[in-house]
Amino acid sequence: MSTPSLTAPGRRRLPLVPTAALLLGALYCLLPVVWVLVASTKSGSELFSTFTFLPGSGFTDNVADLTEYRDGVYWRWMANSAFYAGAGALLSTAVSAVSGYALAVYRFRGRETVFNILLAGVLMPPVILAVPQYLLLAQADMTDSYLSVLLPLILSPYGVYLARIYASAAVPADVIEAGRMDGGGEWRIFRTIALPMMLPGLVTVFLFQFVAVWNNFLLPYIMLGDDEKFPVTLGLYTLLQQGSNTPALYTLVITGALLAIIPLIALFLVIQRFWSLDLLSGAVKS
Amino acid sequence: MTRTPRRKAYGVKSAPYVFLVPATLLFLLFFALPIGYAVYLSFRRTEVAGLGLGKGARQEIWAGVANYADALSDSELLDGALRILGYGAIVVPVMLGLALLFALLLDTDGLRARGFSRLAIFLPYAIPGVIAALMWGFLYLPDVSPFLYLLDAAGLPRPDLLDGGPLYLSLANIAVWGGTGFNMIVIYTSLRAIPAEVFEAARIDGCSQLQIALRIKIPMVAPSLILTFFFSIIATLQVFSEPTTLKPLTNSLSTTWSPLMKVYQDAFVNNDIHAAAAQAVIIALATLALSFGFLKAANSRTKQGDSR
């Protein structure tokens, strides 16, 4: 199909310019990733003395140094990030699923109002939320805790939105009716009939939210003081900040950055095959 | 759906409300309450009696709109707002222009390496803004940068990528790099949803690929373009982590470079939560005004049916 055929002369040439332009775009997007990969192999002295894309000889040393740094606090940050993103995305998906389902399937007074109010949350600049969230949590003596980073991110307006769109597309009304005829309660119908049908959409919600929480910086930056609870983004930031006085830390920052993006890239490569991107366009259309 | 059979349909009336309890609770606690609190704080101020020592020497009183008046005449905040408008004027058009271009190119017949290009361009979406800023930051650093190395090798002057005008471009580049792929995918997905017959007809009429792209494809993906624009405006005005991350690498980024950084500075460094709250409210309102203004302007030009 994609081979240049002779059946339509002149029209179906191999599109060299588009291919080249896209490859150029791909190169641009891969450049920093390739750089961090190369730079993490350099020892501290090589970093500033050899050509940027020339591999060095210190990768294992760098990883060992990073692991040793303050008794392995780096791996603690990674574990924290995995926890925040994993638990946060799971809870968020659950809330999105049940809310999106309710908004898609039932007709009730105030449905659109509730939906619009929830959706307005997506427009709120994080700062108008994060600063008072901090002050309020401080009054409950809950800042600088795992919960202070986890709780504010559970409700994802975008997740509710996607779940609603997906539920109204994937769960036919007559299936629910049939469930009711069989005498199933509403919760049972949701759990046993609708939830499996919504699963592909919920995977998307989970992944979106996982990436969103993993990448979040502002909230932990504001909430946390104890670096034992830092996610890896915040940890690397503090490391870089100290690095401006002690450039020896730069190699640790670079190695840490590489190791921090490897799980995300791996996850990304695996999931992009299952990722229902059609959902995105569906979301865009309404 | 409205005419549910009464028989056996127990709980149908109350079910949606029960299902919405978790979302409502979380919304009240982590959206409505903080916003209300921020607005409340923005109308208060701390009055210090005497030397401000001891219990009761500091108390909160009503300030009216004083905090707002202060914020609107605060040159740091205004400078930050101007910087961010300049930054946004680069980021949003370049990012969405590239996203649209790449999406259209991906949609070309007979393209090679389609999967690879799409994946590679989408990849930065998975990388946290802090780490993106960190990686690019090193690529801008004079001692490490390959760009400066090449310029030097070619005997050309080396601009300081972390100062003055180039700093804007350097920051904008990080945002463009991080956001193009996601927007490309959104546009590309809606391109794929256009029925093939539409193009066949145009092709039979003798339209070139370029004409098809300009006259058919772009107008048909207009709704997704509008949406990506809308969200890009909101995200751009809230830039925080990238300049914050670059700060340790340069002296040219002040602690109040972007309006959000200024809010952070006032709230947690200067401990003036009232001023910070007023600024946050102003930023939120300005963001909403700009993004909805755009949406209104765009919607009056394109009207798309509701798809439910």
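Modeller: Throughout, two residues count as in contact if their C-beta atoms, placed from the backbone, lie within 7 Å. This is a predicted model, in which local features need pLDDT of at least 70 and side-chain atom pairs count only at pLDDT 80 or more, while totals for chains, interfaces and linings use all residues. Residues are numbered from 1 along each chain as its sequence is written, with chains lettered from A and ligands numbered from 1 in the order in which they are written.

Colleague: Which residue of chain B does A:Tyr101 touch?

Modeller: Residues up to four places away in sequence are not counted. Within chain A, the partners of A:Tyr101 are Ala163, Ala167, Phe190, Ala194 and Met198 of that chain. From chain B, the partner is B:Phe19.

Colleague: How many residues does the largest nonpolar core have?

Modeller: Such a core is a set of buried Ala, Val, Leu, Ile, Met, Phe, Trp, Tyr and Cys residues joined through C-beta atoms within 7 Å. Buried means that 20 or more other C-beta atoms lie within 10 Å of the residue's own, C-beta atoms being placed from the backbone. Those with the most contacts inside the core include A:Tyr101 and B:Ala280, and the core has 169 residues.

Colleague: Which helix gives the largest share of this core?

Modeller: Helices are DSSP runs of H or I with at least four residues, numbered from the N terminus. The largest share is 15 residues, and it comes from chain B, helix α4 (residues 75–106).

Colleague: How far apart are the C-alpha centres of domain 1 and domain 2 of chain B?

Modeller: The contact between these domains takes eight residues from domain 1 of chain B and six residues from domain 2 of chain B. Between the two C-alpha centres, the separation is 33 Å.

Colleague: How many nonpolar residues are on the side of chain A that touches chain B?

Modeller: The contact takes 86 residues from each of chain A and chain B. Nonpolar here means Ala, Val, Leu, Ile, Met, Phe, Trp, Tyr, Cys and Pro; Asp, Glu, Lys and Arg are charged, and the others, Gly among them, polar. On the chain A side, 18 residues are polar, six are charged, and the nonpolar residues number 62.

Technical notes: Domains from an automatic or database assignment. Buried ≥ 20, exposed ≤ 12 C-beta atoms within 10 Å, placed from the backbone. Helix = DSSP H or I, 4+ residues; strand = E, 2+ residues; numbered from the N terminus.
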